[in-house]
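I opened this notebook to keep track of what I looked up, beginning with the aromatic rings and ending with the ligand.

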Amino acid sequence: MAIQSASTLIMGVLNVTPDSFSDGGECFNINDAIANAKQMIAQGVDIIDVGGESTRPGAKAVSEADEISRVIPVIKALADEVDIPISIDTSKPQVMKLAVEAGASIVNDVNALQTDGAIEMVASLQVDVCLMHMQGSPRTMQKNPEYSNVVDDIQQFFQQRIDACIKAGILRDKIILDPGFGFGKTLEHNLEILRRFDEFKYFGLRLLAGLSRKSMIGVLLNDRDVKGRVVGSVTGAIIAVQNGANIVRVHDVLETKDALSILQATNGEEIG
Ligand code: 9MG
């Protein structure tokens with residue numbers, strides 16, 4: 001099912017990993033994952049993002065076979081039971097293929113289709129794709145991130161990846177861009193990206209922002225633990241929306257939806 005909306009969309013995080021940074025273990029059981037997804041739907045989520053490999057800083061890589069065994073049964077069950085778009089959070093071409101066959105209609109790739117075979121795979125699947133910027137890899141990315149100008153450098157990266165996608169046969173309007181908060185960025189980089197988020201509108205493509213429960217929120221709140229980052233995360237999402245984000249990737253759907261409703265009413269928009 002394709003994404004259909006002019007208003008801001010909420011993408012809810014459904015991690016099926018034993019070690020995800022903010023909900024580790026809670027959703028590893030398939031029944032729990034489905035129940036969690038249904039709860040998000042009741043709270044107003046627009047897209048469910050299913051991931052089987054943690055991308056938190058320092059996370060270990062997961063084999064293709066393990067990732068497939070985690071996410072595919074969940075996507076199949078979800079596609080049978082729910083009526084909203086499902087996105088697959090992966091960088092592996094074979095996982096993308098099986099996930100789309102199982103019912104996913106969006107690929108969310110933190111590696112922006114740079115894995116061998118990924119760009120050709122998405123071109124053949126003809127689904128929406130989120131290209132996220134990351135400096136380094138999840139294992140090393142927070143060691144010493146450096147940019148000459150963080151927003152300009154990410155813009156250049158987006159231009160290169162958009163060109164590569166179009167050359168491979170991916171339609172321009174299938175592409176979603178995401179500057180990748182926390183992926184190889186210091187707190188100052190993250191804040192500059194948030195402040196200047198509207199500059200990514202230059203490409204005329206949909207923009208996604210994911211700040212939910214990330215360490216930048218914890219640091220700004222005097223090293224608050226993950227469970228105490230809800231208000232900070234919602235505030236970050238709202239600032240991103242005000243600065244041009246079309247999709248926000250969140251853990252706390254109800255709270256984000258409430259805040260968005262107030263923002264939309266204030267702006268005279270129809271509440272989504
Ligand atoms: C998988 N994942 C974790 N954080 C993310 C973010 O900020 N954006 C996107 N697109 N995916 C993310």
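I began with F181, which is buried because its relative accessible area is 0% (buried means under 20%, exposed over 50%, and partly exposed in between, with a 1.4 Å probe and protein chains only). I noted that this is a predicted model, in which local features need pLDDT of at least 70 and side-chain atom pairs count only at pLDDT 80 or more, while totals for chains, interfaces and linings use all residues. Residues are numbered from 1 along each chain as its sequence is written, and side-chain values use heavy atoms, with hydrogens and water left out.

Next I looked up the aromatic pairs, and the structure holds six of them (rings of Phe, Tyr and Trp, the last by its six-membered ring, pair if their centres lie within 6.5 Å; planes under 30 degrees apart count as stacked, over 60 as edge-to-face and the rest as tilted).

F181 and F197 make a stacked pair, with 6.2 Å from centre to centre and 10° between the planes. This pair links distant parts of the chain, since F181 sits in the loop between strand 6 (175-178) and helix 6 (187-195), and F197, 16 residues apart from it, in the loop between helix 6 and strand 7 (206-209) (helices, H or I with at least four residues, and strands, E with at least two, are DSSP runs numbered from the N terminus). F197 also counts as buried, because its relative accessibility is 0%. I then found that F157, F158, F181 and F197 belong to one aromatic cluster together with F200, Y202 and F203.

For D178, I noted an N or O atom of the side chain at 2.5 Å from a nitrogen atom of the ligand. For G210, a backbone N or O atom lies 3.3 Å from an oxygen atom of the ligand. For R249, a polar side-chain atom lies 3.4 Å from a nitrogen atom of the ligand.

Definitions and conventions. Polar contact = N/O pair within 3.5 Å; in protein donor to acceptor, adjacent residues only side chain to side chain.
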